[in-house]
Protein chains: 2
Amino acid sequence: MPHLLPLADEPAPERADAARNRERVLAAAAELVDERGADCLTMDAVAVAAGVGKGTLFRRFESREGLMGALLNRSETQWQASVMSGPPPLGPGADPWDRLMAFGRSRLETTLLHADLIRNAGRAGTRSFAAYSFAMAHVRHLLGGLGVEGDLPLLAVALMAPLELPVLDQQVTVEGLDVERVYAGWADLARRVVGA
Amino acid sequence: MPHLLPLADEPAPERADAARNRERVLAAAAELVDERGADCLTMDAVAVAAGVGKGTLFRRFESREGLMGALLNRSETQWQASVMSGPPPLGPGADPWDRLMAFGRSRLETTLLHADLIRNAGRAGTRSFAAYSFAMAHVRHLLGGLGVEGDLPLLAVALMAPLELPVLDQQVTVEGLDVERVYAGWADLARRVVGA
DNA sequence: AGTCTAAACGGACTGCGGTCCGTTTCTATT
DNA sequence: AATAGAAACGGACCGCAGTCCGTTTAGACT
C-alpha cells in the first residue's frame with residue numbers, strides 16, 4: 001500500500017522516468033518548431049530528437065495535435081498569469097472597461113503570434129479547457145463588473161468568437177485587413193454589447 | 001483555332017469526359033458519406049466507387065478537404081437560393097430585422113446539420129468564397145437597411161463569428177447547451193449590435 | 001478519316017500519423 | 001537485497017492522404 005493515499009480525483013501519479021521523458025519531448029519539440037516551423041514537425045523527428053520511441057510520444061500526448069496543444073499550453077499559461085496578476089490595465093487594478101479593452105488587444109496579438117501552433121493544434125489547441133475556459137470566465141467576470149444585464153456566458157462567447165484564429169485569419173491574412181482596424185471593430189462591438 | 005474565343009477570365013473550359021467524371025465522383029462520394037458518415041470516407045473508397053483512378057480525384061478536388069468542400073457547396077447553394085429568392089422572412093419581402101433573425105436561425109440550423117461535413121472540409125468548407133462571402137454581404141446589407149452606423153463589414157463578422165461551427169460545437173456538443181438558448185443569445189447580441 | 005497536342009487518366013509509390021505488443025524499468029513491499 | 005507487478009518503453013507495422021509519371025483520349029484542324 002502506498003504511503004500517500006491518492007485523493008479521489010487526483011490527475012493520476014506519474015512515474016519519475018515518465019516525467020523526465022515528457023520534458024525531453026516538449027523541449028525537443030519546441031526547438032524543432034521554432035527552427036523549422038510547426039507545419040514541418042513530424043512525430044518521428046520529435047521522437048528521434050528526444051531520444052524516445054514513437055509509442056511514448058503518442059501515449060503521452062495522444063496525437064500530433066495533442067503535442068501541439070501541450071506546446072501551446074506553455075505560452076498560454078504565461079499569458080494567463082499576466083491577466084491574473086500582471087500589471088494593469090490587463091492585470092487587476094484598472095477598471096473593468098479598460099481591462100476588457102486590454103484583454104481584447106492582448107488576446108488578438110497573442111492569437112496571431114501563435115497562429116501556426118494554434119492551426120496545427122486543431123481542436124486540442126483552441127477550446128482545450130486551459131486557456132479557453134479561463135478567458136471565458138474572465139470576460140464574464142468583467143461584464144458582470146460593468147453591470148451588463150443578460151445571458152453573460154453567451155455574451156462572453158459573442159465577444160470571444162471574433163478573436164478566434166479562423167476568423168482573424170480570414171480578415172488579416174486573406175482579406176488583408178489592418179490589425180488596428182480589426183481591433184477597432186472589436187472595441188466597437190464591445191461597446192455595443194456593454195451598452196455604453 | 002477554336003470556334004469560341006475564351007473570354008479573358010473564363011473559369012477554364014472543361015473536357016467532356018472530365019465533367020462526366022466530376023459528376024460520378026460527387027455522386028459516389030455523396031452516397032458514401034450518407035451511408036457511412038463523412039469521417040469514414042477514404043479517397044480510395046471514393047475512387048473505387050466512382051470507377052475512377054485516385055489521381056483523377058486529386059487533380060479535380062485538390063485534397064480530401066477539397067472534395068468535402070465541393071460536397072458542402074451543393075447544400076450551401078440551395079440555402080443561398082432560399083435566402084436570395086425563397087419565401088419571407090428568410091427571403092426578400094420581410095423587413096430587415098425579421099430577415100436578420102430568420103437568417104441567424106437558419107444559419108445556426110444549417111451549420112449544425114452539416115456539422116460533420118464542415119468539420120471534414122477544414123478550411124475548404126468554411127470560408128470558401130461561396131457561402132461565406134455571400135452570407136457576409138447579406139448581413140452587411142441587412143445592417144445597412146436597419147440604419148446601423150459604423151464599420152459594417154466588421155460588425156457583420158461579429159455577428160457571423162458566433163455561428164461558426166467550432167463555436168457552436170463547443171456550446172452545444174461540449175457544454176450541452178440547448179440550441180434555443182444559443183439562438184436566443186445570438187438574437188440578443190444582434191439586438192445590441194443594431195442598437196434597438 | 002487522319003493527325004497531332006493538350007488534357008485527362010490510373011495506379012504504383014512515398015511519407016507520415018497512429019496502433020500493437022513483446023520487452024524493459026520503475027517502485028512499493030517483504 | 002530480492003521480488004513482483006504495474007507502468008512505461010520502443011520500434012515494427014498498418015492505413016490513408018497525396019504525388020508522380022508513363023499511357024490514353026478528346027476534339028480541333030486538315
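How many residues does helix α1 of chain B have, and how far does α1(B) reach from its first C-alpha to its last? Helix α1(B), residues 16-36, has 21 residues and reaches 30 Å, close to the 30 Å expected at 1.5 Å a residue. The expected span here is 1.5 Å times one less than the number of residues in the helix. Helices (H or I, at least four residues) and strands (E, at least two) are DSSP runs, numbered from the N terminus.

Before going further, a word on the model. This is a predicted model, in which local features need pLDDT of at least 70, side-chain atom pairs count only at pLDDT 80 or more, and totals for chains, interfaces and linings use all residues. Residues are numbered from 1 along each chain as its sequence is written, while chains are lettered from A and ligands numbered from 1 in the order in which they are written.

**The chain as a whole**

Chain A holds 10 helices and zero strands. The C-alpha atoms of chain A fill a box of roughly 55 × 50 × 30 Å along the principal axes. Of its 196 residues, 29% count as buried. A residue is called buried if 20 or more other C-beta atoms lie within 10 Å of its own, exposed if 12 or fewer, and partly exposed in between, with C-beta atoms placed from the backbone. Two residues are in contact if their C-beta atoms, again placed from the backbone, lie within 7 Å. Among contacts in chain A between residues at least 6 apart in sequence, 62% join residues at least 24 apart.

The arc is that of the directions from the helix axis to the C-beta atoms. After α1(B) comes G37(B), with a positive phi near 90°.

Helix α10 of chain A (residues 179-194) has 16 residues and reaches 22 Å from its first C-alpha to its last, close to the 22 Å expected. V182(A), G185(A), W186(A), L189(A), A190(A) and V193(A) are the buried residues of α10(A). Seen down the axis, these residues fall within an arc of 140°, so they line one face of α10(A). They pack against α5 (96-113), α8 (152-160) and α9 (165-174) of chain A, together with α8 (152-160) and α10 (179-194) of chain B. Just after α10(A), G195(A) takes a positive phi of about 80°.

**How the two chains meet**

A rotation of 180° with 0.0 Å of shift along its axis superposes chain A on chain B, with an RMSD of 0.1 Å. The two copies are thus related as by a two-fold rotation axis. The superposition is by least squares on the C-alpha atoms of residues with pLDDT of at least 70 in both copies.

In the interface, 21 residues of chain A are in contact with 21 residues of chain B. On the chain A side, the elements giving two or more residues are α8, α9 and α10. The most come from α10(A), with five residues. By class, the chain A side has 10 nonpolar, six polar and five charged residues. Ala, Val, Leu, Ile, Met, Phe, Trp, Tyr, Cys and Pro count as nonpolar, Asp, Glu, Lys and Arg as charged, and the others, Gly among them, as polar. The copies meet through the same surface, because 100% of the interface residues of chain A are also interface residues in chain B.

**Annotated stretches**

**Backbone details in the loops**

| Feature | Residues | Angle |
|---|---|---|
| cis peptide bond | P88(A) and P89(A) | omega about 5° |
| cis peptide bond | P88(B) and P89(B) | omega about 10° |
| positive phi | E62(A) | phi near 80° |
| positive phi | E62(B) | phi about 80° |

P89(A) is found in the loop between α4 (64-85) and α5 of chain A. E62(A) lies in the loop between α3 (54-61) and α4 of chain A, and counts as partly exposed because it has 13 C-beta neighbours inside 10 Å.
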